[in-house]
Structure formats: structure tokens, C-alpha cells
Amino acid sequence: MVAEATRKSLLKVKIMDFITSTAILPLLFGCVGVFGLFKLLQRVRMKAYLRNAVVVITGATSGLGRECARVFYAAGAKLVLCGRNQEALEELTKELSASQATKVQTHKPYTVTFDLTDPGAIVTATAEILQCFGHVDVLINNAGISYRGTIVDTTTDVDKKVMETNYFGPIALTKALLPSMIKRRQGHVVAISSIQGKISIPFRSAYAASKHATQAFFDCLRAEMEQYEIEVTVISPGYIHTNLSLNAVTADGSTYGVMDKSTAQGRSPAEVARDVLAAVGKKKKDVILGDLLPSLAIYLRTLAPGLFFSLMASRARKERKSKTS
């Protein structure tokens with residue numbers, strides 16, 4: 001009986017060795033190889049998609065917009081940099097032109113100065129943008145403003161100001177550039193939204209409302225533009241270490257002027273810009289660039305809304321207490 005058991009044990013070992021050597025390992029290596037080839041082809045396609053593409057970036061003078069300008073320039077894109085500060089735009093253009101850290105052919109950026117909250121300026125700016133290279137391949141709606149305050153203390157003028165900058169301005173520019181994209185049956189519209197376009201947190205009402213509206217508009221645009229083969233990407237980052245909170249407006253319209261702890265601990269704009277580049281290159285439709293907790297909160301809002309609302313109410317109490325203590 002012992003000899004029989006030993007024989008069966010050895011037979012099992014030989015069978016396993018045979019399977020491992022003749023089937024599983026080659027299959028495993030084959031899967032790894034196919035995956036590696038897929039990733040390689042994906043990178044090649046992404047680089048080809050962005051190289052020589054005409055990319056318009058709003059809010060390019062600082063923060064995420066400035067870093068997006070750097071990564072898209074290094075990818076070989078033809079940039080049209082937009083913002084309200086002409087001097088800052090020219091400084092960025094000189095910086096990019098002087099940089100040598102790229103292996104692809106680069107192109108001197110153009111600049112277009114205008115205010116997104118001015119409808120008349122958008123019409124003029126659209127004509128200037130189209131004159132730069134004759135068309136637009138990718139529009140990155142990045143410009144925006146943040147907000148801090150309680151709803152009961154916030155004037156309607158402040159709500160309107162945030163909506164003009166974060167929502168009405170970007171959609172006006174998008175609508176102005178769409179006809180040229182539709183005519184070519186080619187184009188890509190990108191909206192830099194926020195995690196707060198998915199969920200709302202206390203004392204950010206105007207900002208969250210503008211980003212919710214942004215999400216809704218560009219989701220509709222994606223569906224309507226499918227027939228023209230125009231891509232639409234909505235990117236929703238979490239906290240980014242920029243001056244967004246410093247420049248935020250408050251309930252009475254004044255500047256907040258404080259670097260929030262959450263903002264100070266946010267991801268670097270350079271890192272987020274690389275993720276934006278990858279998302280655009282891969283033609284992703286909806287991208288969340290957040291840590292685990294914000295990402296979970298989005299699902300919690302849908303799957304367990306009661307619990308989510310309780311957590312937000314608790315957060316509001318804690319923030320209110322910290323400000324009064």
C-alpha cells in the first residue's frame with residue numbers, strides 16, 4: 001500500500017511538471033507577451049495621435065494648465081495657449097521654446113489672450129485660435145475658479161461669477177470651435193472637471209454646481225458628437241497642489257487667500273498633467289484622477305446615499321466647528 005501511494009504521488013508530480021512545462025508556462029509567457037505588445041501599440045498610437053496635433057489649452061498661465069502645456073509640447077503638439085495674462089503667456093512660450101528635454105520635433109506655441117467670462121471676447125478669440133494653425137484637433141477646457149463659503153451667505157452674483165468661468169465660458173468656446181471640427185469630422189474636446197463634479201461637499205456649493213453642470217453638458221456632447229467622430233473626454237481630478245484655493249472667491253466675492261490643507265497635500269500638477277496627456281492620447285471618455293477615498297465616495301453616493309449624506313453632514317459640522325473655535 002505504501003509503495004502504491006508513493007507511486008501515485010510521483011505520478012502526480014510528473015503530471016504537474018509536464019503540465020507546467022508544456023502548457024501553463026508557455027501560456028503564461030504568451031499572455032504576458034500579448035499584453036506587453038498591446039501596451040506598446042497603445043503607446044505608439046498615443047504618441048502618433050498627439051504628435052503635430054493642434055492643441056488649445058485654456059488657463060495655461062498657471063497650475064495644471066501650465067503643466068499641461070509642458071507635457072503636450074514635449075509630446076510634439078502644436079500649442080495654442082490661452083489665458084487672461086499676456087505677459088505670463090509669453091513667458092511660458094519662451095520657457096517651452098528654450099526647453100530641450102524632448103526627442104520629438106517641437107513647434108513654437110501661439111498665444112491668444114482673452115477672458116472666458118466675456119462672450120464677445122470668446123467670439124474674437126475663436127477666430128484668432130483658428131488662424132494660428134487653420135484648425136483645432138484638441139481643445140482642453142482647463143480654466144476655472146474655485147469657491148469657499150456658506151450657501152446662506154453667498155450672493156447670487158458670486159454663484160453667477162463661478163458659473164460664468166467654470167461652465168458658460170468653456171461651453172461657449174466649445175460651441176464656437178465645434179463647427180470647424182464637425183466640418184473636418186475630426187476633433188477632441190476635453191473638459192477638466194473635478195471629483196466635485198461627481199459628488200458635492202459642504203461649503204463648495206457654487207464650485208460643485210458648476211462642475212456638475214460641466215459633467216452633464218459634456219456627457220450630452222459626447223453622445224451628440226459620436227456621429228461626427230469627435231471625441232469627448234471629461235477628466236475629474238481630486239485635490240491638486242496649485243493656487244486654486246488661494247484664488248478662490250468667497251461668499252461676498254472677495255479672494256479666499258488661504259492654502260487649504262487638502263489642497264496643500266494634493267497631487268502635483270505635473271503628475272496630473274501626465275495623466276491628462278495619457279487620457280487624451282488613449283481617447284478615454286470619463287476619467288477619475290482621485291485617491292481611494294474620493295473614488296469610493298462617488299460610488300457611495302450612488303449605492304448608499306443615506307450614508308453619504310450623513311458623512312457630508314458630519315463633515316459640515318466639523319468644518320463649521322473648526323472655523324468658530
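Of the contacts in the protein chain with a separation of 6 or more, 73% join residues 24 or more positions apart; a contact means heavy atoms within 4.5 Å. This is a predicted model, in which local features need pLDDT of at least 70 and side-chain atom pairs count only at pLDDT 80 or more, while totals for chains, interfaces and linings use all residues. Residues are numbered from 1 along each chain as its sequence is written, and side-chain values use heavy atoms, without hydrogens and water.

**Whole chain.** Colour by secondary structure: there are 10 helices and seven strands. Helices (H or I, at least four residues) and strands (E, at least two) are DSSP runs, numbered from the N terminus. Of the 325 residues, 42% are buried, where buried means under 20% relative accessible area, exposed over 50% and partly exposed in between (1.4 Å probe, protein chains only).

Next, select residues 138-141 and 187-192. These are strand 4 and strand 5, which pair in the parallel sense over four bridges. Asn141 in this view stands opposite Ala191 in strand 5.

Then show residues 119-133, helix 4, which packs against helix 5 at about 45° with the axes 10 Å apart. Helix 4 and helix 5 are therefore oblique to each other (angles under 35 degrees count as roughly parallel, over 145 as roughly antiparallel, 65 to 115 as roughly perpendicular and the rest as oblique). Display side chains here: Ile122, Thr126, Ile129 and Leu130 in helix 4 meet residues of helix 5 including Gly169, Ala172 and Leu173.

**Arg84.** Finally, select Arg84, in the loop between strand 2 (78-83) and helix 3 (86-98). Is Arg84 buried or exposed? Arg84 is exposed, because its relative accessible area is 67%. Not counting residues up to four places away in sequence, Arg84 touches Thr113, Phe114 and Asp115. Val112 is 28 residues from Arg84 in sequence and 8.6 Å away in space, C-alpha to C-alpha.

How values were computed. Pairing = 2+ DSSP bridges. Axes fitted to C-alpha atoms, helices over the stretch in contact; angles between N-to-C directions.
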